[in-house]
Amino acid sequence: MQEVSFSQAQIKAFRRADVIFVAADGYTLAPSRIRAYSFAKACRERGLNAEVLSFFDHLGASGQGSGAYRMDEQEKLRLAALGADILKLNPTAILYMQKVSYHSFAVALAAGANGNPVVLDYDDFDFRSPFMPGMTRFMPSIGPVPATAEMARNSDLCVCASRRLVEIIGQFNERCELIPTGTDLSVFDVGLRDAAGRGPGDPVELIWLGDIWGPQIVADVTMAIDAFAALPPSIRDLARLTIIGFGDFWPEFKATLAARLGHLPNLVFRERIAPAEAPGLLARCDIGLLPLADNPFNHCKSPTKMFEYMAMKVAVLGTPVGEAAHILRDGESGMLASDLPGYMRRMGTLILDGDLRRAMADRAYAAVLDGYHLGAMGDRLVRLLDGVREDRRSRESEAALTSA
């Protein structure tokens, strides 16, 4: 691990913050990029002093995402102590914690010492992933389920990215609110499509991009690729499917699919791109894939990719699971199918019918403008945070009067 030091300007920023977003992961992973960095940006735009403390970006953690599970537990405890020292510099800031993991010890230590208000934010079904497996053997209370339950119970507010997560976390804290993972329209600017340079004879571009983190996502993306491969050549040859990936399972996934389907010249595997490149990439795409198996993870997930597709007028081909089923109107603002044959048929329809693709993309974009973007999400977030601060002030005033 690298040595960490903060400048006086950084220390001052933490001291004066109204809210500090605390994340285990860094900017390159979508959950922390959106629900820490972008949420902090939204707060600043609305007059709150907001800072981010990322254990990966700022404290030098050796892993993030699925890689964090391989970190030594002594490293995690050392980082938690360091993070707590930073957070304790500000006894009044709202500590906005992105999920429950080893970084939660820092929030608990700081809030326990200073009495900071705490907001717990959840956007994934991570309750079965032990973040301190060795210690959990001897202290079961720090297992993922009991730790999440206790952090939720003792938080001033819980914010969840999906309806199913609200149901789960709401069992522990009735102060539980829904804020989807909306898209920043100043970054995902649909105007980029005008400069994309697409020609009338270009192939219909299909896209999937993301973290191939485990067997579940491997199965989901494999289904979409198999649907593309099963299309009649007369349809498939009109299109190109690009898969852009990274993560623990990416090398094996890529090698397996390339060996099985490498004869398809219009199936392309690309390595990870920087987040800043994603809007320009999507501006050149026509169909965005969102294959989701019917499982607890996908029911809980707020599909970041789907909102980005919608914001860039990329027609969505998904499955009726979780938030996608609540937000997309099948055949109107997106296409939904539950199995490989259905996915293949819908994919073929979208490839052949450009007018349908564009009409669906326009309706999906209108839905984004209606509320699924950082502007609307930021307004709601700041109202909720103002409520947390007001509730805390009221309780402190009542306590002062009682003790007088």
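Helix α6 (residues 144–153) lies across β3, β4 and β5 (157–160), contact being heavy atoms within 4.5 Å. The helix runs at about 135° to β4; axes are lines fitted to C-alpha atoms, for helices over the stretch in contact, and angles run from 0 to 180 degrees between N-to-C directions. Helices (H or I, at least four residues) and strands (E, at least two) are DSSP runs, numbered from the N terminus. The model is predicted, local features needing pLDDT of at least 70 and side-chain atom pairs pLDDT 80 or more, while totals for chains, interfaces and linings use all residues. Residues are numbered from 1 along each chain as its sequence is written, and side-chain values use heavy atoms, without hydrogens and water.

The strands form an open, parallel sheet of six, ordered β2-β1-β3-β4-β5-β6; pairing requires at least two DSSP bridges between two strands. Because β2 (50–54) and β6 (176–178) are the edge strands, each with a single partner, one side of each has no neighbour in the sheet. From one strand to the next, the twist averages 20°. Strands β3 (residues 94–98) and β4 (residues 118–122) are parallel and joined by four bridges, and Met-97 has Leu-120 in β4 as its bridge partner.

Helix α4 (residues 104–114) lies across β1 (19–23), β3 and β4, at about 165° to β3. Its buried residues (under 20% relative accessible area, 1.4 Å probe, protein chains only) are Ser-104, Ala-106, Val-107, Ala-110 and Ala-111. These residues lie on the same side of α4 because they cover an arc of only 155° around the axis, taken from the directions from the helix axis to the C-beta atoms. They pack against β1, α3 (73–87), β3, β4 and α6.

Technical notes
Buried means under 20% relative accessible area, exposed over 50%, partly exposed in between (1.4 Å probe, protein chains only).
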